[in-house]
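Let us walk through this fold step by step. We start with the sheet, move on to the helices, and finish with the cores and the backbone.

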Amino acid sequence: MLVAGCNAALDREGSEKAPAAEVAADSDTLRFEDAKTDAAPFAAPPTLRAQVLLDHLGFSPGVIDGREGQSYVAALRGFQNARGIEESGKLDAATEEALLQGRDIPATRMVVIPAGFAKGPFVPAFPKDAADQAKLPALGYRNLTEALAERFHTTPETLVALNSPSTLVGAGRPFRVPNIPDVDVPKTGDDPRGWNGTLERLGVAPEQLAAAKVVVDKSEGVLKVYDDADRLVAQFPATMGSQHDPLPIGTWKIKGVSRNPDFHYNPKLFWDVSNDKDAVMLKPGPNSPVGVAWIDLSKPHYGIHGTSEPHTIGRAESHGCVRLTNWDAARVAQMVKPGTPAIFQN
């Protein structure tokens with residue numbers, strides 16, 4: 001469960017300062033304003049636009065990358081099921097019409113990177129070993145590119161494709177991103193672990209539909225959210241279980257939600273880690289092994305949580321728990337409460 005490295009995508013990141021006139025006046029703002037540029041119009045492929053719309057409507061494709069992978073197909077099928085459309089898993093005319101809902105939403109935006117977002121803090125030399133991670137004050141992003149990728153529910157590689165390898169990344173710079181809008185996050189009340197800021201940095205609204213139950217479906221590789229009328233209202237791609245740590249099939253309950261949690265890393269709980277390693281306490285952060293949220297289950301040692309490697313969701317095995325992208329884990333954390341049933345099925 002060690003955190004793997006991430007390919008830094010934009011090779012000139014932070015190498016030059018933005019002109020003073022371009023930097024946002026509010027040095028603490030996390031809001032992405034529209035950029036005024038002479039950039040040529042961007043023709044988004046249909047898959048990229050569909051992924052953005054699915055994300056808007058709560059049927060997450062995982063990372064937005066313009067690819068027709070299994071998470072995208074699962075998101076289409078879930079959305080089709082919820083809207084009473086034939087579950088083809090394809091972007092047919094009926095599905096596209098339902099996604100648009102009479103709106104004209106572009107797939108991407110040209111934004112200005114806000115100063116508050118650009119200043120981090122970042123952890124460029126992020127260690128792989130848990131003992132070294134335990135020495136850090138927080139398990140933050142490695143760099144601004146990685147933070148931007150999570151804010152816009154994508155990957156560093158996709159950001160390169162939307163811009164160019166020579167694009168400068170920094171405060172005040174124009175930058176093309178998937179069209180995941182800013183959210184209104186409350187700034188009042190007790191927030192000792194900085195959850196409001198985490199939601200804003202992930203583009204996740206604090207107000208979400210209430211879950212009457214969640215269903216983790218192994219065959220489909222998704223976590224489904226149902227309302228109190230037993231309607232499917234949201235769906236998220238998930239990685240669940242492995243040969244060594246199979247998904248615990250059954251009906252469990254959510255015991256509680258830890259937002260920006262500390263994580264007690266105990267090697268004895270992981271078959272692929274030497275027992276000679278010491279148990280350590282890891283500080284919160286998006287690059288924690290459990291990401292930004294831990295949703296505790298009535299099954300001991302099992303939970304639903306985020307990840308430091310969103311591109312692996314649906315592709316890699318877990319240690320029995322249910323892993324989501326950080327932005328999806330944050331959304332689910334706002335949907336559930338103690339006592340919410342969590343049904344794990346084949």
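Two strands pair if DSSP finds at least two bridges between them. Strands (E, at least two residues) and helices (H or I, at least four) are DSSP runs, numbered from the N terminus. This is a predicted model, in which local features need pLDDT of at least 70 and side-chain atom pairs count only at pLDDT 80 or more, while totals for chains, interfaces and linings use all residues. Residues are numbered from 1 along each chain as its sequence is written, and side-chain values use heavy atoms, with hydrogens and water left out.

Begin with the sheet. It is open and has 3 strands in the order S1-S2-S3, with antiparallel pairing. Strand S1 (33-34) and strand S3 (174-178) are the edges, and each pairs on one side only. S1 meets S2 over 2 antiparallel bridges. There, Asp34 has Val111 as its bridge partner in S2. Strand S2 (residues 108-112) and S3 pair over 5 bridges, again in the antiparallel sense. Thr108 stands opposite Pro178 of S3. Val112 has Pro174 as its bridge partner. S2 is mostly covered, with 4 of its 5 residues buried. Buried means under 20% relative accessible area, exposed means over 50%, and partly exposed lies in between (1.4 Å probe, protein chains only).

Now the helices. The axes of helix H1 (residues 46-56) and helix H2 (residues 70-83) come within 11 Å and cross at roughly 55°. Axes here are lines fitted to C-alpha atoms, for helices over the stretch in contact, and angles run from 0 to 180 degrees between N-to-C directions. H1 and H2 are therefore oblique to each other. Angles under 35 degrees count as roughly parallel, over 145 as roughly antiparallel, 65 to 115 as roughly perpendicular, and the rest as oblique. Contact means heavy atoms within 4.5 Å.

Helix H3 comes next. Its buried residues are Thr95, Ala98, Leu99 and Leu100. Their cover includes H1 and H2.

What holds the interior? The largest nonpolar core has 58 residues, and those with the most contacts inside it are Leu148, Leu223, Val225, Val322 and Leu324. Helix H9 (residues 326-335) gives the largest share of this core, 6 residues. A second, separate core has 17 residues, including Leu53, Leu54, Leu76 and Ile105. Such a core is a set of buried Ala, Val, Leu, Ile, Met, Phe, Trp, Tyr and Cys residues joined through side-chain atoms within 4.5 Å. Look at Val322. Beyond its neighbours within four places in sequence, Val322 is in contact with residues including Val216, Leu223, Met240, Ile304 and Phe344.

Finally, the backbone. Most residues other than glycine have a negative phi, and most peptide bonds are trans. Gln101 has a positive phi near 50°. This residue sits in the loop between helix H3 (93-100) and S2. At 42% relative accessibility, Gln101 is partly exposed. His153 also has a positive phi, about 55°. The loop between helix H6 (144-151) and helix H7 (156-162) holds His153. His153 is buried, with a relative accessible area of 1%. The peptide bond from Gly120 to Pro121 is cis, with omega near 10°. Pro121 lies in the loop between helix H4 (115-118) and helix H5 (130-133).
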